[in-house]
Structures are given as structure tokens and as C-alpha cells.
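Colleague: I would like to learn how to read charged side-chain pairs and strand pairing in a model such as this one. Could you take me through the features in turn?

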Amino acid sequence: MTVTAGLVLSGCGNESGSAGSPTTPTPSAPTLPTASVTQSTPVGAGLPLTVSRTGGFAGFDDRVQISPDGVATVSGRGKETIRCKLDPSLLATITAAAQQVDWASLVATKPTTKHPDDMILAVTANGKTARIEDPKVKPLAAPVNKLLTEAAIPPGKLCTKI
């Protein structure tokens, strides 16, 4: 609908401009496209994205930073930091899921433990962090689980070391 409205508004601006009365449409024309651009701007791009796994009985401290080009930097306590290229299908799934999250609605706070040996799986993007069980980041739950189990820690079949 936004695209249609933008096309209709653009058409009206062009017709008014050809009618020879630029005074009336000129103030309206800059205002309407600006509103159209604001409505079509996504809530949050989602990448780069950082996935972290901390705490738990095993004392995890893993981080996977994913750049928009699909390069992941994997680090963990006592492990060598590794860079790898995510499988394109996994990257597409993570990107699509991250774009579904309303990052603006999240609060920029670090997740805290809820009980002893609590393992925190969190995602961070656009300056906001949330635990993976937060309903606001639900689209990322399955892709993040796949990332942590099959791709990056340690680099597996879905993340080729570079």
C-alpha cells in the first residue's frame, strides 16, 4: 500500500507541475515522500548481529559475531578466535529472522542470570540485546540454535573456516 500511495502521490505531483502552478504542489511534494520513506523503512536491519552464550553449569562464554557479508567471528573462553564464512542458506535464514525483530522496542540492557547456573543465550543488534527466550526475538530462536549447534562452535559444516 505504501508503494501504491507513493506512486499515486508522485503522479499527482507530476500532474500539478505540468499544470503550471508550482507554488501549491512544491510545499506538499517534499513532505509526502518523506512520510512515505519513513513508513517503508524497516524497524531494524538486524545485521551485524552478535550471538552470545554465557554461564550455565559448564561456564560457557561463547560469542559469534555475524557481519552482513556472512563472515562470522567465533570466540570462546580458552579457545582460539576463528573466522568463518556462513553457509548462504543459514545466513539468509538468520538475516530474514533478524529483520522480523522490532529492535527499536528492545531495551539496551545486558541480560542477567535468573538463577544459579543460568545459561544465557542472547542476541545483540542495533545496539539492543535480548535473551533468546524473549518473545520479541522469537524469530531468531531456531536459527540461533542451528548456528550454535551446527555451524560455528566449533566451526562445522555450515561455517567454512577462512
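This is a predicted model: local features need pLDDT of at least 70, side-chain atom pairs count only at pLDDT 80 or more; totals for chains, interfaces and linings use all residues.

Colleague: Are Asp118 and Arg131 buried or exposed?

Modeller: Both Asp118 and Arg131 are buried. They also belong to a network of salt bridges that links Lys114, Asp118, Arg131 and Glu133.

Colleague: What is the general idea behind such pairs, and how many salt bridges are found in the whole structure?

Modeller: Side chains of opposite charge can pair when their charged atoms come close. A search of the whole structure finds six salt bridges. One of them joins Asp61 to Arg77, with the closest N and O atoms 4.0 Å apart; this pair again links distant parts of the chain, since Asp61 lies in strand E2 (residues 60-66) and Arg77 in the loop between strand E3 (71-76) and strand E4 (82-86), 16 residues apart.

Colleague: Which relative accessible area does Asp61 have, and which does Arg77 have?

Modeller: Asp61 has a relative accessible area of 28% and is therefore classed as partly exposed, whereas Arg77, with 55%, is exposed.

Colleague: Where does the salt bridge partner of Lys79 lie in the chain?

Modeller: The side chain of Lys79 meets that of Asp62 in a salt bridge of 4.0 Å, taken from N to O. Lys79 sits in the loop between E3 and E4 and Asp62 in strand E2, so that distant parts of the chain, 17 residues apart, are linked by the pair. Asp62 counts as buried because its relative accessibility is 3%, and the cut-off for that class is under 20%.

Colleague: How many bridges pair E3 with E4, and in which sense do these strands run?

Modeller: E3 and E4 are paired over four bridges in the antiparallel sense, and within this pairing Val71 stands opposite Lys85 in E4. The two strands form a hairpin with five residues between them, and Gly78 in the turn has a positive phi of about 75 degrees.

Colleague: Which residue of E7 stands opposite Cys84?

Modeller: Cys84 has Lys161 in E7 opposite to it. E4 and strand E7 (residues 159-161) run antiparallel and are joined by three bridges.

Key
Residues are numbered from 1 along each chain as its sequence is written. Side-chain values use heavy atoms; hydrogens and water are left out. Buried means under 20% relative accessible area, exposed over 50%, partly exposed in between (1.4 Å probe, protein chains only). Two strands pair if DSSP finds at least two bridges between them.
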